[in-house]
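Me: I would like to see how the words used for a structure follow from their definitions. Please show me one and take my questions in turn.

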Amino acid sequence: MLYNVHFGIYVDVAMPVEDKSKSLLPVLSSPKLLPDESEAEFQSGLQGLLSELDNPSPLAVALVSQLNECLWWIKRHTVDKELLLHEAMARLLSKAGNHWDTYDNHKVSEALERYLNGRGDKDEAAWIDEILAESKLTLSDLRVRAFKDAAKHIKTVDDLIHRQHQTIRHLQRSIDSIDYKSRLIKRMDLELAALESKQSVKGVTLDDKSS
Amino acid sequence: MTTNPRRSLANQSNALKSTGPRSVAGKRASSQNSRKHGLNSAPDFESSIEYRALVDLIAGEGFSTFACADIAAGLLNYRRVMDAYYDTYSSPEPVDEFLRDANVKASNPIFSELLGPSGSEPQDVREMAAFFASMQRQERRKGGPVSRRSSDTHKLIRYQRNGTARLSRAIRQG
């Protein structure tokens, strides 16, 4: 069956799910990705979710696409939580040992980021170790203090993640409702067909009796 | 580009003397300054091509005409909110590194020079320094780029909640 959509877009309910999600793109604005994010990873997540549905309708595809976006947001916000902690650690390091004026916060932040990811060079690692030693802190001490400092901002990100979970729950319920509706319609069609065939059989037997 | 502290301070103190836009075009442009995401304005989905396309698409799924209209509007509204969510997240308020890291106490000679002969009273210089110190405190309280984008996005939570509830209700009642 073909759904005729304006400006020449056709959605075939029997077409592969990948094509269905693409056919909805001109109608609904698609989720945008940040410059450093992988489109392929996003699409593979979407296809993974769609493959779990048995012949999804265009509306179900649209909802699954929104659900995939929510999962993507959870991922982004989880990364942000770690970045917030790094931001607070860099701030503490810059302040430590009365070096607020001499150590550039931006420079410390970048160096610490590389140090924590294990991508920093020897000089940079030595520099961070030196600041840590001057401020009489270990990396775990610094992390604990930073967590305390950034607790308010981390709570904000937790709220954002919680909101995405709630949205996923709503979308999931909507998808279930569409699925139930389509199964109900199918069942009613079958029952109607069975009734019609029964009626026609009765009609034939009545004709036989009257003749 | 390197920031010249003297230039930066001069720009900020000159900006304080500004009396705002004078031309009609300037006033029109500045009237939109406080517009953040546009989610409080009532959208007109019904006249859009996307809306009609969606209604046609949903009609094939056994929903009533009213339900199709509700679902299509709900979907477009949800996308509007999520697009604003992305825009807010991807373009947070920039960090004013100069203001954040400036040593206000050491800038007193620059303030007195900027104020010129008319404002050479120590009181004027102290007031200007206090003003810059309060601006610096505000800037530092906002945190770095990640905390800024998180708190900006947090303001859109209620729009997302309402958008999701509207869409979900339209589908389940349809």
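This is a predicted model: local features need pLDDT of at least 70, side-chain atom pairs count only at pLDDT 80 or more; totals for chains, interfaces and linings use all residues.

Reply: Residues are numbered from 1 along each chain as its sequence is written, and chains are lettered from A and ligands numbered from 1 in the order in which they are written.

Me: How do you know that chain A is in contact with chain B?

Reply: Two residues are in contact if their C-beta atoms, placed from the backbone, lie within 7 Å. By that rule, 40 residues of chain A are in contact with 38 residues of chain B. On the side of chain A that touches chain B, α7(A) gives the most, with 14 residues.

Me: What makes up the secondary structure of chain A?

Reply: Helices (H or I, at least four residues) and strands (E, at least two) are DSSP runs, numbered from the N terminus. Chain A has seven helices and two strands, in the order β-β-α-α-α-α-α-α-α.

Me: Why is the set of 38 residues called a nonpolar core?

Reply: A nonpolar core is a set of buried Ala, Val, Leu, Ile, Met, Phe, Trp, Tyr and Cys residues joined through C-beta atoms within 7 Å. Buried means that 20 or more other C-beta atoms lie within 10 Å of a residue's own. The largest such set has 38 residues, with Leu63(A) and Leu54(B) among those with the most contacts inside it. Its largest share, 13 residues, comes from α4(B).

Technical notes. A residue is buried if 20 or more other C-beta atoms lie within 10 Å of its own, exposed if 12 or fewer, and partly exposed in between; C-beta atoms are placed from the backbone.
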